[in-house]
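User: I have a chain to go through with you. Can you load it and take my questions as they come?
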Amino acid sequence: MDESQGHFLPSDVPESVPSNNSERLNSGVHVNPGSGFPGAKKRGHSSRSWIKIDQDGNVKILELDKARIMRQCSLPSRDLRLLDPLFIYPSTILGREKAIVVNLEQIRCIITAEEVILMNSLDINVVQYKSELCKRLLTNKDQADDLPFEFRALELALELTCMSLDAKVKELEMEIYPVLDELASSINTFNLERVRRLKGHLLALTQRVQKVRDELEHLMDDDGDMAEMYLTEKKLRSEGNTPSELNALTNFSGGTRLVSKSAPVSPVASTNGAQRLQRAFSSIVPSSKQGSLISSSNGGENIEQLEMLLEAYFVVIDHTLSKLFSLKEYIDDTEDLINIKLGNVQNHLIQFELLLTAATFVATIFAAVAGVFGMNFAASIFDYPSAFSWVLVITGAGCGLLYFSFVLYFRYKKVFPL
């Protein structure tokens, strides 16, 4: 991009310039006049490292503060807070007047009609997004593209996010299926702990995928939010282009791509008509909402391009979520199988306990009879030498018959099959 198109610094700082030069360029913004230190920065206005990628695929490393980004992109502070790496926010895509705020997993960026401001990070997703976007912009530099710049940048963020989440789901599947099969065949504490840990990872990953899916579904259900994301069209409209000029720019396929063939066209007949419409809206709603209402009034056909883009990745992320649900169902089925096995073992223990209790009762009777006749008391039965032997035989036979009666009773009551 030419120097006249840079929005964030008086002169864009290339990658080869040391960081102290960038700090000197921004030192005028951060000077605290009330302090005795000329280079002191205000609280909450510290600069961060950002990567700027323009329409031609040129990359520059910038040191930008929060206030400057808010002014240039017309963003509230709460939107920039979504990009702060110190905070953890769910995946969010916000359409604003001059920018699209994207927070998809590790990809946190601000997309405008002319450039992408990406949070500088060494994360593999950020590096891949930067290199892939530059590669695509340089490859298609002299070719006409159906999508405007902001949609190509948004599409790449969605693509990398869906691919990253799907890869994590596949890794989890490869790890959890063998563990579940091993647990089903051998129930022990070690396998149960492994499954518990993997189930925690599954639930966390499901929440992340579900949030991305819900965000895409929310965008597709709200035509106003989708119309707000047509930044190229709104930029051309703000420059005073009439519908005929927009069509001419659309069909122009020179070195600089302004708008695609399928980009929406404003229904306003002329610049004066647009100004009258804007004055009418200004008397009803605040100026911050005028762009959203005008964009959403363009008609349903204008959002078809973005809707098809979001729908394609909604199908992808929904398929990923379905695999997670299938994996969760497999875990639930394995848990049900384990509970059935444990219940079966418990039933066998109860059966054994019943048989042991019956045997103990019978043995107690036999011991009681033997103990009574073993006492030292006078009885005529002791006059016969074989009398005690017959008592033991009869008592044992009676106890055996009683134990067999218990078993038949248990079988009759269907306490356990025999």
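Analyst: The questions below go from overall content to the sheet, the cores and the annotations.

Analyst: This is a predicted model, where local features need pLDDT of at least 70, side-chain atom pairs count only at pLDDT 80 or more, and totals for chains, interfaces and linings use all residues. Residues are numbered from 1 along each chain as its sequence is written, and side-chain values use heavy atoms, with hydrogens and water left out.

User: How many helices and strands are there?
Analyst: The chain has 13 helices and 6 strands. These are DSSP runs numbered from the N terminus: helices are H or I with at least four residues, strands are E with at least two.

User: And what percentage is buried?
Analyst: Of 418 residues, 38% are buried, meaning under 20% relative accessible area with a 1.4 Å probe, protein chains only (exposed is over 50%, partly exposed in between).

User: What is the strand order in the sheet?
Analyst: The sheet is open and antiparallel, running β2-β1-β6-β5-β4-β3. Two strands pair if DSSP finds at least two bridges between them.

User: Which strands stand at the edges?
Analyst: β2 (59–64) and β3 (92–95); each has a single partner strand, so one side of each lacks a neighbour in the sheet.

User: How many bridges join β1 to β6?
Analyst: There are 5 between β1 (residues 48–54) and β6 (residues 115–119), which run antiparallel. Asp-54 has Glu-115 in β6 as its bridge partner.

User: Switching to packing. How many residues are in the largest nonpolar core?
Analyst: That core has 60 residues, and those with the most contacts inside it include Ile-93, Val-116 and Leu-306. A nonpolar core is a set of buried Ala, Val, Leu, Ile, Met, Phe, Trp, Tyr and Cys residues joined through side-chain atoms within 4.5 Å.

User: Which helix gives the largest share of this core?
Analyst: Helix α5 (residues 149–185), with 16 residues. A second, separate core of 15 residues includes Ile-69 and Leu-94.

User: What is Leu-306 in contact with?
Analyst: Setting aside neighbours within four places in sequence, Leu-306 contacts Phe-151, Leu-154, Met-226, Met-229 and Tyr-230. Contact means heavy atoms within 4.5 Å.

User: Where does UniProt place the transmembrane region?
Analyst: The unreviewed entry puts that annotation at residues 354–375 and 387–410. UniProt positions use the numbering here, feature names are shortened, and annotations may be inferred rather than shown by experiment.

User: What is the helix content of those spans?
Analyst: Residues 354–375 are 91% helix, with end C-alpha atoms 32 Å apart. Residues 387–410 are 100% helix, with end C-alpha atoms 35 Å apart.
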